[in-house]
Amino acid sequence: MHEGKSYKFGEFLFWTRRKIYILMVISIVPVILYETCGLEWISIPWTVVALLGTATAFTVGFKNTQTYNRTNEAQQVWTSIVSLSRSWGIFSRDFFSNTATTRELIYRHMAWLTALRYEMRTPRTWETIDRKHNTEYQRFYRVAERETPLNKELAKYLSGQELKEVLAASNTAARILANQGKLLRKSFDEQQMQIAQFLEMEKGLKEFYISQAKSEQVKNSPYPRQYAVVNSFFIRIFCLLLPFGLLRDFDKLNELVEGVVKGHMVWLVVPFSIMISWMYTSLEQIGESTENPFEGSANDVPLTSICRDIEIELRELLEEKDLPPKLYPQHNILL
């Protein structure tokens with residue numbers, strides 16, 4: 001998640017420059033054919049391009065609205081997890097006189113957060129984080145889940161036997177919650193807690209399951225491929241036809257000028273075509289970058305930071321002193 005006032009123009013150009021190179025070629029070739037080779041028949045009516053541009057603008061706007069909604073939904077899910085985690089910490093501390101049980105419940109919860117964020121960072125085939133323009137931009141920040149294996153992180157919170165058990169499960173995070181339930185039932189059977197307290201914490205586990213399912217739904221349900229493909233096709237066709245639609249109009253400008261530029265005004269098609277096409281391709285790339293809010297891009301929900309903040313708060317409830325450091329943005333990017 002970008003936490004600065006805005007992206008710098010240079011950063012944005014760096015991120016989109018590969019598209020600019022392609023647009024430059026697409027713009028220059030028609031001008032050469034029209035001006036140098038004398039193929040004036042390749043010019044097409046501007047009305048055709050304008051109609052296509054209008055349709056393309058609608059599809060781009062629709063996609064960007066929907067992808068923003070996906071990111072917003074993901075942010076809401078994890079905001080809910082923050083609130084529920086605080087409640088879990090308070091209940092674990094206040095409902096039990098046995099400090100060992102309290103610590104086990106809180107540490108296992110931190111293990112659940114860790115397993116869930118690692119699951120959210122696991123790549124999917126439709127995600128775009130490994131595309132060239134995204135991998136290059138990753139020099140501005142780091143994705144912690146790609147640097148440290150899950151088993152090493154979970155070992156901070158779980159015993160050796162339980163660690164092997166949850167890692168062998170098909171869904172590590174869900175198995176950790178199941179183990180929380182076992183401990184709650186054991187504590188209730190041993191009369192360490194009252195029925196009302198037991199039901200309250202079981203309700204908390206239910207909410208964690210629901211939050212996990214919502215997070216997994218966002219992760220495992222890509223933006224519909226049919227809309228993504230249509231959007232991409234329309235933009236490519238528009239960018240390809242745009243310079244052909246500008247040729248005749250810019251050529252007519254030769255009647256209004258004198259001097260060395262007279263007879264060469266058609267070359268203005270190149271910069272104007274690049275500028276207009278770049279606006280469309282950049283909007284497409286922006287929508288693509290918000291399409292998958294957990295993949296590890298610069299515009300993602302900051303899972304690592306959220307989990308670190310929760311861990312600090314929960315360990316403060318245990319009155320621990322050796323707390324992990326708070327995470328801060330790198331080049332205004334927080335993950």
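A salt bridge here is a side-chain nitrogen of Lys or Arg within 4 Å of a carboxyl oxygen of Asp or Glu. Keep that cut-off in mind for the first stops. The model on screen is predicted.

**Stop 1: Lys-219 and Glu-127**

Select Lys-219 and Glu-127. Their side chains meet in a salt bridge, 2.7 Å from N to O. Lys-219 sits in helix α8, residues 195-220, while Glu-127 sits in the loop between α3 and α4. The two are 92 residues apart, so the pair links distant parts of the chain. Are these two buried or exposed? Both Lys-219 and Glu-127 are buried.

**Stop 2: Arg-121 and Glu-145**

The whole structure holds 18 salt bridges. Go next to the one between Arg-121 and Glu-145, where the closest N and O atoms are 3.2 Å apart. Arg-121 belongs to helix α3, and Glu-145 to the loop between α4 and α5 (150-154). Arg-121 has a relative accessible area of 5%, so it is buried. Glu-145 is buried as well, at 10%.

**Stop 3**

Ser-305 is buried, because its relative accessible area is 5%. Then draw a distance to Leu-241. The two C-alpha atoms are separated by 45 Å, and the residues are 64 apart along the chain.

**Stop 3: the largest pocket**

Select Lys-19, Arg-131, Ser-232, Arg-236 and Glu-284. They lie nearest the centre of the largest pocket, which is lined by 28 residues. Its volume is about 610 Å³. Which elements each supply at least two residues of its lining? They are α1 (9-36), α4 (132-137), α9 (225-251) and α10. Sorted by class, the lining residues are 10 nonpolar, 6 polar and 12 charged.

**Stop 4: a patch on the surface**

Stay with helix α10, residues 269-289, and find Met-279 in it. At 49% relative accessibility, Met-279 counts as partly exposed. With Met-279 they form a nonpolar patch on the surface, and together they have about 360 Å² of accessible area.

**Stop 5: Arg-175 and Glu-165**

Return to salt bridges with Arg-175 and Glu-165, whose closest N and O atoms are 3.0 Å apart. Arg-175 lies in helix α7 (residues 172-189) and Glu-165 in helix α6 (residues 160-168), so the bridge ties together parts 10 residues apart in sequence. Arg-175 is partly exposed at 31% relative accessibility, and Glu-165 is partly exposed at 26%.

**Last stop: Met-1**

Finish at Met-1, in the segment before α1. Met-1 is partly exposed, with a relative accessible area of 28%.

Technical notes: Residues are numbered from 1 along each chain as its sequence is written. This is a predicted model: local features need pLDDT of at least 70, side-chain atom pairs count only at pLDDT 80 or more; totals for chains, interfaces and linings use all residues. Side-chain values use heavy atoms; hydrogens and water are left out. Patches are made of residues with over 30% relative accessible area and no salt bridge: like charges are joined within 9 Å, nonpolar side chains (Val, Leu, Ile, Met, Phe, Trp, Tyr) within 5 Å. Accessible areas come from the Shrake-Rupley method with a 1.4 Å probe; for residues, only the protein chains shown count as cover. Helices (H or I, at least four residues) and strands (E, at least two) are DSSP runs, numbered from the N terminus. Buried means under 20% relative accessible area, exposed over 50%, partly exposed in between (1.4 Å probe, protein chains only). On a 1 Å grid over the protein atoms alone, a cavity is a set of points where a 1.4 Å probe fits but cannot get out, and a pocket is an open set with protein on both sides within 12 Å along at least five of seven lines; lining residues have an atom within 4 Å of a point. Grid points are joined across faces, edges and corners, and a volume is the space filled by probe spheres set on the points. Ala, Val, Leu, Ile, Met, Phe, Trp, Tyr, Cys and Pro count as nonpolar, Asp, Glu, Lys and Arg as charged, and the others, Gly among them, as polar.
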